[in-house]
Amino acid sequence: MLTSIEGRSVIVTGSSKGIGKGIGRVFAGKGARVLIVARDGSEAEATAAEIRRSGGIANAVAADVSKVEDNGRMAQAAIELHGGIDILCCNAGIYPSAKLFDLNEADWDRVMDVNLKGTFLSVHACLPALKARGKGRIVITSSITGPITGNSGWSHYAASKAGQLGFLRTAAIELAPFHITVNAVLPGNILTEGLEALGPEYTARMTSAIPARRLGSVEDVAYAALFLASEEAAYITGQTLVVDGGQVLPESQAALEDLY
Ligand code: NAP
């Protein structure tokens, strides 16, 4: 059993849906006070209300992580509504597909703004409150795509997700004196609204590439994030935890033949 996170103030960016919503639900289920963050305020509020209905503590704020002012408002909301910030989960991210020949500057900039700059801006906005606590946890949702694998159509996305790891390794050093750890979860293919939007052909192709032969659930990622956010993970910083059902393991397609 890990030390309880009951009463801890947790911000989860990109949490009206998908993995972020899963993290919000799991953390709230363990007694944390959770701030649900998304651009669409009514969807964020609907998720917070769902958590409250199941007995958890949650509030919502509309914020775009790629904007400085929005991150400031988000941090302020956690301080006012939940008394400070203990844990920040930088999860907001987008993954529009475009092959390199078609990829334009605006596509590149948007993905970098949300996924990479957004991670920096959220961390930066929450630092004073995390530091004031005397300890803290930052958990970034990166991906296997970029840090470990490549995937046709996602060169900009892969660069943003690998960039998050470059950021976290130096952030982990700079924040160590304040007892703030910075780690990342690297999901494989997780069944979310965003992933489903890529279509059944994509999800079937990915499922066949996973030794566990299923897509991940949002809870699979949320429990990994919960461990990295725990008291017991105090000496783990600058590290990554792959949550992919073994997807990065096979040396070739042949390694997956005759498994089932
Ligand atoms: P999703 O189902 O599309 O949900 C994305 C969430 O992020 C929504 O709540 C969305 O709400 C919010 N969001 C998007 N842009 C935002 C912004 N600029 N500011 C604030 N919130 C924003 O996505 P997901 O599949 O759960 O993915 C979540 C994270 O996991 C991403 O970082 C993604 O790269 C990573 N990931 C996912 C998978 C996977 O298989 N699903 C695999 C590896 C990594 P609004 O649209 O209202 O803002």
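Predicted model: local features only at pLDDT ≥ 70, side-chain atom pairs only at ≥ 80, totals over all residues.

Mentor: Residues are numbered from 1 along each chain as its sequence is written, and side-chain values use heavy atoms, with hydrogens and water left out.

Trainee: How many residues of strand 2 are buried?

Mentor: Strands are DSSP runs of E, at least two residues long, and helices are runs of H or I, at least four, both numbered from the N terminus. Buried means under 20% relative accessible area, exposed over 50%, and partly exposed in between, with a 1.4 Å probe and protein chains only. Strand 2 (residues 33-38) is largely enclosed by the rest of the structure, because the buried ones among its six residues number five.

Trainee: In which sense does strand 2 pair with strand 1, and what is the handedness of the crossover?

Mentor: Two strands pair if DSSP finds at least two bridges between them. Strand 1 (residues 9-13) and strand 2 have five bridges and are parallel, with Ile-11 opposite Leu-35. A crossover is right-handed if, with the strands pointing away from the viewer, the path from the first strand over the helix to the second runs clockwise. Going through helix 1 (residues 18-29), this β-α-β crossover is right-handed.

Trainee: Which residue is the bridge partner of Val-34 in strand 3?

Mentor: Strand 3 (residues 57-62) runs parallel to strand 2, joined by six bridges. Within that pairing, Val-34 has as its partner Ala-58.

Trainee: How far is the side chain of Ser-16 from an oxygen atom of the ligand?

Mentor: Ser-16 is among the closest of the 32 residues that surround the ligand, counting residues with a heavy atom within 4 Å. A backbone atom of Ile-19 sits 2.8 Å from a ligand oxygen, and for the Ser-16 side chain the distance is 2.6 Å.

Trainee: Are the rings of Phe-120 and Phe-167 stacked or edge-to-face?

Mentor: Rings of Phe, Tyr and Trp (its six-membered ring) pair if their centres lie within 6.5 Å; planes under 30 degrees apart are stacked, over 60 edge-to-face, and the rest tilted. There are three aromatic pairs by that rule. With centres 6.4 Å apart and planes at 75 degrees, Phe-120 and Phe-167 are edge-to-face.

Methods. Polar contact = N/O pair within 3.5 Å; in protein donor to acceptor, adjacent residues only side chain to side chain.
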